[in-house]
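Here is a friendly walk through one protein model, for someone meeting it for the very first time. Take a look at the structure, then read on.

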Amino acid sequence: MSSYTGVLISDQLLQSQFTQVELRSLHSKFTSVKNQNGIVTAGDLPALMVTSKAFKETHTEEEIRNILSGLGSNLSAEIDFESFLKAYLNLQGQTTAKSGGAKNSWSFLKASTTTLLHTISESEKASYVAHINSYLGDDPFLQQFLPLDPATNDLFNLAKDGVLLCKLINVAVPGTIDERAINTKRVLNPWERNENHTLCLNSAKAIGCTVVNIGTQDLVEGRPHLVLGLISQIIKIQLLADLNLKKTPQLVELVDDSKDVEELLSLPPEKVLLKWMNFHLQKAGYKKAVANFSSDLKDGEAYAYLLNVLAPEHCNPATLDAKPDERAKLVLDHAERMNCKRYLSPKDILEGSSNLNLAFVAQIFHERNGLTTDSKKISFAEMMTDDVQTSREERCFRLWINSLGIATYVNNVFEDVRNGWILLEVLDKVSPGSVNWKQASRPPIKMPFRKVENCNQVVRIGKQLKLSLVNVAGNDIVQGNKKLILAFLWQLMRFNMLQLLKNLRSHSRGKEMTDTDILKWANNKVNSTGRTSRMESFKDKSLSNGIFFLELLSAVEPRVVNWNLVTKGESADEKKLNATYIVSVARKLGCSIFLLPEDIMEVNQKMLLTLTASIMFWSLQQPVDGSEASPSPADVSPATSISSEDEGSTSLGGEISNLSIDDTASEVSSQLDNEVNSFGDGSRVEETGCLAVK
């Protein structure tokens, strides 16, 4: 967990146009084209830029050369990195103009966090500041800094230490972060600040945020467009959390039969919100259909009809006859009488602010959804939802896939993978070049046989990767067989995990990695610190108290675990405290994991394998120390150590090479054949700081 310095350039305005992730990538590409004299000329840029995702589909190398020439670039002249960045921005502007502007995404979570011109909406900023003041105003630590003034940069300055963002994530999805793991001091050192931001970003991914273009350095610098973009996603996740049948079974009233219920299950939350709004507008006699949260709401009429049908006791007859600007004011007055928080102003309605309109409609839904309490319909909706275990696994797969940075955002794994396209995107990430895109059909796919073709290719590639897919056909995926889908994705994620570990060639020497190797590494790592704890397998019941994993985390980074916060794990409550702490400490370390505390308490062997592998991957990427530090008395864990034979400790440099690298898998992998053949259950693994993004 060494401190990190990002790519810095002298022109601060230019630097503000890029995230640290983008700067690192572009700097690497720029360096790669230097000639033997260490020089890059403008003439080298076309060949470099045409390989970029941003330009390869819109420009040829010759077109890029002509554009650069037209911008006055002397192609034979030497250029530095800053000049390269300016040329990149100019070309990006040409591309945007050529394509007619950025395409609108139907999901706010897939919205890009970076644009050519990083402008921020003052209205959105003011709204989010009001939200933070309202929900975190009584927080014991943050109350000394709140309320924030929306007219200043207080929001971005306070976000620089990471505490605010971590607390906001817990407001959106309570319990995501164990607040004992947050570094809360008035003045944090760079190390502590970086830990908070690492915890924040990994936790944000774990609740469904898209953070592929944001790095810890961006948050340390308090970049307004990135901070506001992340806050926007977190708040929207909070506001839309109940827009599903599991949380609000009354939503079944929006559809007529079981087939429509399946469609409702597959809709993203903002689409469900639109469906709910149109349901009430139709009842109120509104003739138009609202298809978005911007232009369709600008005149305020839809709001007037919606509020009148939901809260007729607060109805103002003059609202519909008023002019748009006056109507917008009356609408907000009506909402205020319903105790709805104001997320927007009359001006925001007139301008069609999509983010703020969505937040406002979501607040109306929370306050008064106007849906039936018919017990028969609710019972039917509850029957359509998955059991707890299946829902937990679906959540993990969904978050893992979305963290990979594929083009399509997944809202419901079971529904979204049925056309095969998303699975092909995942396979292309896990095993680049394995997909024949010429034989793939892109959604929307109307012809059923095209879906089968996609899924047949998925199965074919899976077999090439030596996944166990006996008697599995593409049509099984098209039909939405949940157990098969879970089992397939588990194998795919395990394959990805082992490949990433194998690719650390300095340790594995390129040999195949197995579950057994991960198990041995973890035991050796813990033993190397003088402790005698060990796990016999990934389903060892003694793991439920969490002590072994805390000792493992402490072994790879001694300062990350505060043993004063660790319990003995004897009661269910103590186990829950330890398990919650483990998840947050691992994320704080740099592991992007999606398991829940319950997975540790229940000893979910697949999830424990992914947790261990994630810690291992992080550890093996760290610089090798000359010797292992012996534990101080403060490092001794509170639980009684498990007695075992001393297997001897190894230095970090020999951690992998001393393992027996063989083809024998552990109990987890040995069960895969049985699970897939019987369409058994699955789970998931993940990483960006650790194990998932390639």
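C396 is buried, at a relative accessible area of 2%, where buried means under 20% relative accessible area, exposed means over 50% and partly exposed lies in between, using a 1.4 Å probe and protein chains only. C455 is buried too, with a value of 0%. How many disulfides does a search of the whole structure find? The search comes back with zero, counting as a disulfide any pair of cysteine sulfur atoms within 2.5 Å.

A word on what you are looking at: this is a predicted model, so local features need pLDDT of at least 70 and side-chain atom pairs count only at pLDDT 80 or more, while totals for chains, interfaces and linings use all residues. Residues are numbered from 1 along each chain as its sequence is written, and side-chain values use heavy atoms, with hydrogens and water left out.

**The overall picture**

The protein has 32 helices and zero strands. Both are DSSP runs numbered from the N terminus: helices are H or I with at least four residues, and strands are E with at least two. Of the 694 residues, 53% are buried. The protein exposes about 30000 Å², and carbon and sulfur atoms supply 48% of that; the areas come from the Shrake-Rupley method with a 1.4 Å probe, and for residues only the protein chains shown count as cover. Take the contacts between residues at least 6 apart in sequence: 68% of them join residues at least 24 apart. Contact here means heavy atoms within 4.5 Å.

**A helix on the inside**

Helix α26 covers residues 515-527. It has 13 residues and reaches 19 Å from its first C-alpha to its last, close to the 18 Å expected at 1.5 Å a residue. That expected span is 1.5 Å times one less than the number of residues. Why is α26 described as largely enclosed by the rest of the structure? Because 12 of its 13 residues are buried. Among them are D515, I518, W521 and V526.

L332 lies in helix α15 (residues 324-337) and counts as buried at 0% relative accessibility. Leaving aside neighbours within four places in sequence, L332 is in contact with R342, L344, S345, P346, I349 and F360. L332 and L307 are 25 residues apart in sequence, and their C-alpha atoms are 9.8 Å apart in space.

L26 sits in helix α2 (residues 20-32) and is also buried, at 7% relative accessibility. Not counting residues up to four places away in sequence, L26 touches F18, F81, F84, L85 and Y88.

E394 is in helix α19, and at 8% relative accessibility it counts as buried. Setting aside neighbours within four places in sequence, E394 is in contact with N411, N412, V413, F414 and L486.

The structure holds three cavities of 30 Å³ or more. On a 1 Å grid over the protein atoms alone, a cavity is a set of points where a 1.4 Å probe fits but cannot get out, and lining residues have an atom within 4 Å of a point. Grid points are joined across faces, edges and corners, and a volume is the space filled by probe spheres set on the points. The largest cavity has a volume of about 60 Å³. Which helix gives the largest share of its lining? That is α19 (residues 388-403), with three residues. The lining includes K205, C209, L399 and S403.

Most residues other than glycine have a negative phi, and most peptide bonds are trans. Here are some exceptions:

| Where | Feature | Value |
|---|---|---|
| L146 and P147 | cis peptide bond | omega about 5° |
| P443 to P444 | cis peptide bond | omega near 0° |
| K466 | positive phi, not a glycine | about 65° |
| V603 | positive phi, not a glycine | about 55° |

P147 is in the loop between α6 (122-136) and α7 (154-158), and P444 is in the loop between α21 (421-430) and α22 (448-464). K466 is in the loop between α22 and α23 (474-478). V603 is in the loop between α29 (597-601) and α30 (605-620). Are these last two buried or exposed? K466 counts as exposed at 76% relative accessibility, whereas V603 is buried, with a relative accessible area of 8%.

Technical notes:
1 Å grid on protein atoms, 1.4 Å probe; cavity = no way out; pocket = protein on both sides within 12 Å on 5 of 7 lines; lining within 4 Å.
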